[in-house]
Amino acid sequence: MTLEVGGITLAYGRTRVLHGIDLPPLAAGTVTALVGPNAAGKSSLLRAIAGQMRFAGTARLGGMDLAALGRRLASRRVAYLPQELPGRANLSVVEAILLAAKQDESLRVSEADLALVEGVLVDLGIAHLAGRGLNELSGGQAQMVSLAQALVRRPEVLLLDEPTSALDLRHQLEVLAHVGRVTQAHGTIVLAALHDLNLAARFADLVLVLREGRLHSAGTPAEVLTPAMLSEVYGVEAEVFRTADGGLVVQPLRPLPRRKPKTGPFAVERAA
Amino acid sequence: MAVLARPAGAAIGGPALAYRRLVRRRRAVVAGLVALLAASLLLDLTSGPAGLGIGEVLAVLLDPAGAEPAARVVILDIRLPVALMAIVVGAMLSVAGAEMQTILNNPLASPFTLGISAAAGFGAALAIVLGIGVLPFAGPLLVTGNAFVFAMAAALAIFALARLRGATTETVVLLGIALVFAFNAALALLQFIATERALQEVVFWTLGNLGKANWERLAICVVVLAAVLPVFMTDLWGLTALRLGDAKARSLGVPVERLRLQALILVSLLAAVAVAHVGTIGFIGLVGPHIARILAGEDQRFFLPASALSGAALLSLTSVVAKSIVPGVIFPVGIITALVGVPVFLALILGKRPQFFS
């Protein structure tokens, strides 16, 4: 099973934010990191693949066009974790996750449903939050609950938009390690927008770099995360080290003088 | 895996237990509201100038044929339709408010605060004063039809604004207030030019009155409520998901736009039919859902019935109060709901309790 994304073009009003993006095929059981500076189009690309926005181009899972599946069926196969955290509704955590699992199903909650929810909560280490209200959660806890809502649907594709933005260091590592384990165990295809390049280097099999709505480069972390890319895409002087265990560490040093953008959302803003 | 501030000794296996406990509590709340409603209905049937006790009321209800004719007429022909109308209209307004708050994600949404009741009242007055009907061939349903069309128009205007980019919940409420003022001004103009008889009928609207309830009006309201509730029940998971935010709901496959539009149409139908028959009754649609939300949570499987029951109980109790203030005088319930509703609402929004809206 692979996810094939081709020719994705997307605009907000008259401002085009994605310009015909073609991704390499994303294989089952792999984690792909989507990186790039602010306004590069990472969230828009995820929203397009998730079917949340109208776009030109195709997103195929196992050869099947996701748009042709319809929203309900596609949402079962492709789970999308938006940046927005679940609201403050008077729902407990266990209800909020059950709600994600039971969407489009009968109103009766079976023992199997509860076992599924319990399994996800225990796996994520948040079983103790089950009875707590959504309005009582910290930002990090809400992000874990949001992730649990995506995982409980047992999707084939997991699209994560900044899944660790509200988490402390320890939980960033734990959540991504858990996503990695789920990916391995269920053969899930994971595409995660990440700001932290070191997390991308550590957990991703493949890194895609977006810049101004276009795919800049794609490859393994070692191939892509180079001082040259960091300079060109982020405008930052940086060093990249290899650790003893073969990992990569990106060490940003200083911002480079700003260059005048020729295209992309910032250029439009300035022209206006 | 280590956890986010797990308390020492927290038991694994808790989620299923926590869920069962919650469900038990929520079922108990719904059962409690049913009991309160039953008690309120009995109280409503026993209160009134004829001075019938609970024993006489129960005797008539359980054995109408064997009951004393005078008591039978008072209970079955006068008090029962009014008492049941209070329950049905209370449920309609509260369900309408609950679903408006859900789809607009706004705690201040209700048919009254968003101008839907005012629009329905104006539509009805247009038919009463000028005989103008916006629905062709409405016949005897001229007034109700007008009320419905104007309620729908107001609801759609609010919906269109809520969908505009950058429209905040405050903007939506402000538009609602603008609609209330606009329709009230137009209503005042109609009252100014109305004949004495028409004016009297229009005043009925603005006060909110159960006095005109009869079995026919009750039947229409029951049919509408009975038709609308099952439609809501087909998508209770989706409605609950709307409160997680649009992006989250969409990611769960909820057809957000379609569900909103469908709910808005149903809510307008409920509000319009209720207002068309009993006039403008405020605060039930606002306070009923807040009570339900606090007591039964927002899983719509419990929130929807709890909202219906709390609204029904509120209006039923108001009906009792309306008869008890001055013996022999029945005050219009609209006045009482506003008088009682304001302090209740203030207590709800100013009280030290968790906030459920971002």
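**Exercise 1.** Find the angle at which the axes of helix H8 (residues 215-233) of chain B and helix H11 (residues 256-278) of chain B cross, and name their relative direction.

*Solution.* The two axes come within 10 Å and cross at roughly 165 degrees. Axes here are lines fitted to C-alpha atoms, for helices over the stretch in contact, with angles from 0 to 180 degrees between N-to-C directions. Angles over 145 degrees count as roughly antiparallel. H8(B) and H11(B) are therefore roughly antiparallel to each other.

This is a predicted model, where local features need pLDDT of at least 70, side-chain atom pairs count only at pLDDT 80 or more, and totals for chains, interfaces and linings use all residues. Residues are numbered from 1 along each chain as its sequence is written, and chains are lettered from A in the order in which they are written.

**Exercise 2.** Name residues that make the contact between H8(B) and H11(B).

*Solution.* Contact means heavy atoms within 4.5 Å. From H8(B), take Arg217(B), Ile220(B) and Val224(B), among others. From H11(B), the residues include Gln262(B), Leu266(B) and His277(B). Now sort by class: 14 are nonpolar, two polar and one charged.

**Exercise 3.** State which element gives the largest share of the lining of the largest cavity.

*Solution.* Start with the volume: about 40 Å³ of space lies in the largest cavity. Next, list lining residues, among them Val31(A), Thr32(A), Ala33(A) and Phe203(A). Strand E4 (31-35), helix H7 (169-186) and strand E9 (189-193) of chain A each supply at least two. E4(A) gives the largest share, three residues. By class, the lining has 10 nonpolar, one polar and no charged residues.

How values were computed
Side-chain values use heavy atoms; hydrogens and water are left out. Helices (H or I, at least four residues) and strands (E, at least two) are DSSP runs, numbered from the N terminus. Angles under 35 degrees count as roughly parallel, over 145 as roughly antiparallel, 65 to 115 as roughly perpendicular and the rest as oblique. Ala, Val, Leu, Ile, Met, Phe, Trp, Tyr, Cys and Pro count as nonpolar, Asp, Glu, Lys and Arg as charged, and the others, Gly among them, as polar. On a 1 Å grid over the protein atoms alone, a cavity is a set of points where a 1.4 Å probe fits but cannot get out, and a pocket is an open set with protein on both sides within 12 Å along at least five of seven lines; lining residues have an atom within 4 Å of a point. Grid points are joined across faces, edges and corners, and a volume is the space filled by probe spheres set on the points.
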